[in-house]
Amino acid sequence: MTANHEIEARLRETAGELLRQKRVDLFLGYEKASLPFRTTPLFLTSPDEVERLVWNPFCTVNLAVYLPRLFAAPADPRKAKDLSPPTVGLVLKGCDTRSVVALIQERQVPREKLVLVGVACPGMVDRQKAERALGEHEALGAEEDAQGNVRAMIDDEMEVALPREEIVSDACLECRFPTPLIHDVLLGGPVEPKDRDVARRLTAEFESRALSARWVHLQETLSKCIRCNACRQSCPMCYCKECLLDQTRPRWVGASTDISDVTIYHLVRAFHMAGRCTECGACARACPMGIDTRLLVRKLSQDVEDLYQYRPGEAIDTTPPLSAFAMEDPQDFLTEP
Amino acid sequence: MSESQAAQETALETSWEPKIVAFLCNWCSYAGADLAGVSRIQYPHNIRIIRVPCSGRINPVFLLRALQDGADGVLVSGCHPGDCHYISGNLVARRKFALFKELLQYAGIEPERVQFTWVSASEGGRFAAIVEKVVEEVRKIGPNRKLVKVP
């Protein structure tokens, strides 16, 4: 029995208990998907179905993305008083917990309505990486073996072993908080981050290139963008009812795939994540074109940390950096005559 | 591109003057620009001023849109820290500006294209000097080709 099987058993137990005791109306978790290397988000309301819950290296989705709409105020404010928001229990990895913390800070989700079931996460599998590793073979099934590596069943009924570190998601390689910082229940022991400076090294490498080389690289990357908005939709922090990118009077950001519009879209999306991005990598996983959607956000996160000593989603009782200011904030970027 | 168009382009090239869009706050910088005018201080006529209620009103999208629509540079100016008409609008804006300027540079856009400063209502001379400096810097790096939307 692997560690994940134990976690899975305890997860089902916990979810069943929470639902039976009516401590939660709804439990969010993962269930087996019909395709390999994936899981499907599962919304449980009855304790009889907890056996559907799974925990494996394919539980990639950040379930925090569903929270804001569960607690959204009704369009008609007169109806607000008749509404009783549900209590929700959910499974959270380290990064997902950071998203929940940021959502609580931004008053999108009430803490007292949540039961956080944290799981220390050693890194989730990137489906696209796994498929690439299999080459022309198509996986029919995949599961984790006792060492934490993935065994994929391929078409001619053969098994292929995929080492975990080769198919783990890019965001997980950068992960600094694999163990949930805030939780009501913690399943599995704490996991130590392997390397805290991956993101910093990536940013430094990109920054070391010449200005024009950076622009060329960005344009090449972004020219793949089809403006499907998947990066925005998958992001737990993008909950605005009316997104600036959708506004038409005036239309601030053009909706076309013209490279100028695309670049502005990505700059604006990144900027809206400044001091808010919880580094779960949902945007990169959602991108059908394989764009490194975190390229710009990574830089902003680092600047926020360096300039305002703030890491999003670490503690509930802090103020997000762009909602605050200090008289002595650095201003050496200003033009002086 | 037809030959006449190409010729037109080169003609434009030689007589090119930078177009700078300046977002000035109503209470300090706009009055500073006004003072520069009434004091008859000379400064380059390359700037087009847009008056905003406060530097805190400026959404970075404004600056991107200006560049997309063909501005060669953007200047943003508000009250000095502590002097904001709305007490802290410029202080909140300062954090946004610091991050935004870094982001643009990281993305490969010349740092001279988008500049930020503070000008008070009594600093007509400072306003003129800033405009002169910005125009000079943008002239050096040439026309904006990066974010411009070519129809």
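Helix α12 of chain A (residues 294-308) contains 15 residues, which at 1.5 Å a residue should span 21 Å; the end C-alpha atoms of the helix lie 20 Å apart, in agreement with that value. The expected span is 1.5 Å times one less than the number of residues, and helices (H or I, at least four residues) and strands (E, at least two) are DSSP runs numbered from the N terminus. The model is a predicted one, in which local features need pLDDT of at least 70 and side-chain atom pairs count only at pLDDT 80 or more, whereas totals for chains, interfaces and linings use all residues. Residues are numbered from 1 along each chain as its sequence is written, and chains are lettered from A and ligands numbered from 1 in the order in which they are written.

Helix α12(A) is mostly covered, with 11 of its 15 residues buried. A residue is termed buried if 20 or more other C-beta atoms lie within 10 Å of its own, exposed if 12 or fewer do, and partly exposed in between, with C-beta atoms placed from the backbone. Among the buried residues of the helix are A:L295, A:L296, A:V297, A:L300 and A:Y308, as well as the charged A:R294, A:R298, A:K299 and A:D303. The cover over these buried residues includes α6 (170-173), α7 (198-207), α8 (211-222), α10 (259-272) and α11 (282-286) of chain A, together with α4 (89-107) of chain B. Just after the helix, A:Q309 adopts a positive phi of about 45°.

The interface between the chains brings 37 residues of chain A into contact with 37 residues of chain B. On the chain A side, α8, α10 and α12 each give two or more residues, and α10(A) provides the largest share, 8 residues. This side comprises 25 nonpolar, 5 polar and 7 charged residues, where Ala, Val, Leu, Ile, Met, Phe, Trp, Tyr, Cys and Pro count as nonpolar, Asp, Glu, Lys and Arg as charged, and the others, Gly among them, as polar.

Chain A as a whole has 12 helices and 8 strands. Its radius of gyration is 21 Å, close to the 20 Å given by the globule rule for 337 residues, so the chain is as compact as a globular protein of that length; the radius is taken over C-alpha atoms, and the rule is 2.2 Å times the number of residues to the power 0.38. Of the 337 residues, 38% count as buried.

Terms used:
Contact = placed C-beta atoms within 7 Å.
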